Amino acid sequence: MKVMAIAPYDGLKELMIKLGENEDFELQVEVGDLQKGVMLAKAAVNNRTDIIISRGGTAELIQKEVPIPVIEIEVSGYDMLRVLTLVKDYPGKTAIVGFSPISEGAAAICEILDMDISAYRVANEEEVEPHLVELQKEGYQMIIGDVITVKKAEQLGLNGILLTSGKESVLKAFQNAKKMHDFFSALKNKYLISHNIIQEAKDGIVVYNQKVQAVFSNPYFKEEVNKAFEDKINTKDAVKEVLNRGIFKTVFDEKNVLWKVTGSPIPSSKLPLAVFRIQRYKSNEKQNMQGISIVSSLTENSSVNIVTGMLTNSEEMNNTLKMAEIYRDKEAPIWISGEDGTGKEGLAYYIHFNSIRRSYPLLVIDCGLIEEVQWDTLLDAESNDNLISHNENGTVFLKNINYLKLSIQKRLMDYLCKRSLRCRLIASSRENIQALIKKGDFYQDLYDLLARLDLHLPSLRNRKEDIEGFARLFISEFNTKFGKQIVGIRADAREELENFEFLGNIEQLKQIIEESVLLANGPYIERRDVKEALKSKRPLIENEKAEIDLSGTLEEIEQRIIKKVWLEEGMNHTKTADRLGINRTTLWRKLK
């Protein structure tokens, strides 16, 4: 039996691989949620997979798209109990939102345990967001659910806790897969298309039926363009246009290679079929995009979790968030200040994706990473095609603007004054900008232009009352990542965290919780776990001599030296790079 398991998150993948070692069938496990899961399932069908195992909404969606059995990993009472235990003492209103098995089961457990957590049932994916919007209006801050629910919650600015699956649920799914195998094996060849279509063609060829199921593809498509085609083309609309209009034409680019797509119906086919031919154009060099990213929506690939730090008991942080709510739909530029690791980029994401501009892209320009030649294109006042002016309805985030040379600062000032930009501007600095202005390293006029509205993020040292809340959020995240089932942190372990001076702020706390989760052997993070994780994070006392381990390769010794200097400089990348005599890009690469 050949089984493809599609896990909606990394931790479930690791758990399934571990448990699958003891099974007598061939198991492949991949991570993919919703449409990505469907793409993996379609590829599995072409690779003659017998059965697919998945979870929740992804399993339901896959079952509609493929002609082979799909076994669902159920959410067990054990799974619900672990998550409910994790959040039982969490501040703020909490709700469970999910399909019937989740909502009804969780409601029963809450009633038995006398927990004040509301449960809401949804019948399909389209009902999730409206439910969450109403709950947000009612003051709910924490949402428990499956991957679909958690993603929607975080996109709305709510905190999401994923209901993870334990080994009991996975083992049950494996048993169900075995039972179903014999019954469905006769259907394996039902949708196969004759292999008379050209196998040696140097064009990609793929055939879809009217249900948008890939029923045939040639070797070139599988090896060269499969992933790019599925990512770039809305196959549902493309198949519909071919079957209704008789033709479909488009182009897409992938890694500087341009492809032409032509779709047409297969003549004399008893069943409606659409064949697509994908032909390669010559590659074209594109502008170097290092340090520049375009974020169109909040997905699992988004680099910042915007909800981190937004639930707070800190008066200072609450004031900052209230101001951000007022500023989010204003046209005036916003300046965000704060120490390293306080969440400046997260706040920029929070402002954009909660504003009236949320349906347009967020253009992130990391001023510390892009080369001077890139500014020639970005600040070309005569061009209507550069990225900044082209994103006229979105937001442009000038991240780490303190790294700009004075010459580039002047050109940026001239550009902003000459162009009547419709986009909203947000800027952030990792350094004290007033100190830079006083030293002559930053133009006062540019600061005045970009800081018409100002937001300051307090350090974690000034909001220690939020440490436990952050810790629980990070525990949930790393439970998902590593397949763990940690339900909380001991009081004495929390005190260790509260007594620590976090020079790296929230990002440093996240690192410590990640290590603590990995070290924990029981259901709770213990004091010993935290103390062990804190060992390498404590800055050296003045005049304290710390020996460096000189064993291993030159690369390993170099990494130890770099990490030591990084910790001595309070995890400040700029000061570390200056002290070591390297640029920040090199430092980031060596610290990975």
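Keep in mind that the model is predicted.

Let me begin near the start of the chain. Here 4 strands form an open sheet, and the pairing is parallel. Read across, the order is β2-β1-β3-β4. The edges are β2, residues 26-31, and β4, residues 70-73. Each of these edge strands pairs on one side only. From one strand to the next, the twist averages 20°.

Now a helix on that sheet. Helix α3, residues 56-65, packs there and touches β1, β3 and β4. Strand β3 covers 51-55. The direction of α3 makes about 145° with that of β3.

Look at one pairing in detail. Strand β1, residues 2-7, runs parallel to β2, with 6 bridges between the two. Which residue in β2 stands opposite I6? That is E30.

On to the other sheet. Again 4 strands form an open sheet with parallel pairing, this time in the order β6-β5-β7-β8. The edge strands are β6, at 118-121, and β8, at 159-162. Both pair on one side only. Neighbouring strands are turned by 25° against each other on average, direction ignored.

What packs on this sheet, touching β7 and β8? Helix α18, residues 467-482. Its direction makes about 40° with that of β8.

Inside the sheet, take β5 and β7. Strand β5 spans residues 93-98, and strand β7 spans residues 140-145. They pair in the parallel sense over 4 bridges. To find this pairing on screen, go to I96: its bridge partner in β7 is I144.

Notes: Residues are numbered from 1 along each chain as its sequence is written. This is a predicted model: local features need pLDDT of at least 70, side-chain atom pairs count only at pLDDT 80 or more; totals for chains, interfaces and linings use all residues. Side-chain values use heavy atoms; hydrogens and water are left out. Two strands pair if DSSP finds at least two bridges between them. Axes are lines fitted to C-alpha atoms, for helices over the stretch in contact, and angles run from 0 to 180 degrees between N-to-C directions. Contact means heavy atoms within 4.5 Å.
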